[in-house]
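This briefing covers one protein model, arranged by topic.

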Amino acid sequence: MLSALRAEDAAEMVVVLSDPSLHEFTGGRPATHDELAARYASWVAGSGSDSELWLNWIVRSRVDCRAIGTLQATVVNPDSDPEAAIAWTIGTPWQRRGFATEATTALVVWLAENGIDSIVAYVHPAHAASAAVARRVGLAPTSEVVDGEVVWRNRRAGGQSV
């Protein structure tokens with residue numbers, strides 16, 4: 001289950017994202033409550049540009065509605081030839097249960113239903129779990145590397161490879 005991100009979600013998410021191992025491939029450290037609240041407030045406010053939309057959700061358990069992760073899409077050129085860069089994070093206690101695949105699949109379907117056929121994700125080459133999620137949602141690795149991460153892309157509508 002997905003819910004729109006709110007700055008107030010930082011209180012719940014600071015616990016979900018507290019495991020330092022979640023930062024193994026992205027660098028950094030777990031954010032404090034104040035850092036996360038400021039980050040979420042910025043994300044909710046948006047990019048400030050009509051050519052870039054920030055879409056952010058909290059992934060919640062259907063059983064008890066507890067937050068278990070986040071899901072993001074940054075859509076560039078939303079009015080002409082849109083492309084979405086997607087990302088997902090599931091807290092350590094909920095990993096290996098299919099939550100990332102389920103949430104990301106829902107996002108990819110929603111994007112396609114809203115006219116966004118070009119989707120990209122950036123995956124660290126050693127992050128097998130994220131590569132598996134990317135593959136399951138229809139993305140394939142490319143030869144492109146950005147900031148040390150492999151660019152994964154889907155196929156555009158009409159079967160054209162990107």
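Arg 6 and Asp 9 form a salt bridge, with their closest N and O atoms 3.1 Å apart; the term stands for a side-chain nitrogen of Lys or Arg within 4 Å of a carboxyl oxygen of Asp or Glu. The model is predicted: local features need pLDDT of at least 70, side-chain atom pairs count only at pLDDT 80 or more, and totals for chains, interfaces and linings use all residues. Residues are numbered from 1 along each chain as its sequence is written, and side-chain values use heavy atoms, with hydrogens and water left out.

**Salt bridges**

- Asp 9 is buried at a relative accessible area of 2%, whereas Arg 6 is partly exposed at 44%. Buried means under 20% relative accessible area, exposed means over 50%, and partly exposed is in between (1.4 Å probe, protein chains only).
- Asp 9 also forms a salt bridge with Arg 60, where the closest N and O atoms are 3.3 Å apart. Arg 60 lies in strand S2 and Asp 9 in the loop between S1 and H1, so this pair ties together parts that are 51 residues apart in sequence. Helices (H or I, at least four residues) and strands (E, at least two) are DSSP runs, numbered from the N terminus.
- Arg 60 counts as buried, at 11% relative accessibility.
- Arg 60 forms a salt bridge with Glu 12 as well, at 3.0 Å between the closest N and O atoms. Glu 12 is in helix H1 and Arg 60 in strand S2, so the pair ties together parts that are 48 residues apart in sequence.
- Glu 12 is partly exposed, with a relative accessible area of 32%.
- A network of salt bridges links Arg 6, Glu 8, Asp 9, Glu 12 and Arg 60. The search of the whole structure finds eight salt bridges.

**Sheet**

- An open sheet of seven strands has the order S1-S2-S3-S4-S5-S7-S6, with mixed pairing. Two strands pair if DSSP finds at least two bridges between them.
- Strand S1 (2-4) and strand S6 (140-146) are the edge strands, each pairing on one side only.
- Neighbouring strands of the sheet are turned by 30° against each other on average, direction ignored. Axes are lines fitted to C-alpha atoms, for helices over the stretch in contact, and angles run from 0 to 180 degrees between N-to-C directions.
- S1 and strand S2 (residues 52-60) run antiparallel and are joined by three bridges. Ala 4 has Trp 57 as its bridge partner in S2.
- Thr 70 is found in strand S3 and is buried, with a relative accessible area of 9%. Leaving aside residues up to four places away in sequence, Thr 70 touches Met 13, Tyr 40, Trp 57, Ile 58, Val 59, Ala 87, Trp 88 and Thr 89; contact means heavy atoms within 4.5 Å.

**Helices**

- Helix H3 (residues 99-113) lies across S1, S2, strand S3 (67-76), strand S4 (83-90) and strand S5 (118-123), and runs at about 160° to S4.
- The buried residues of H2 are Leu 36, Ala 37 and Tyr 40. Seen down the axis of H2, they fall within an arc of 100°, so they line one face of the helix; the arc is that of the directions from the helix axis to the C-beta atoms.
- These buried residues of H2 pack against helix H1 (10-16) and S3, while Asp 34 and Ala 45 are exposed on the other side of H2.
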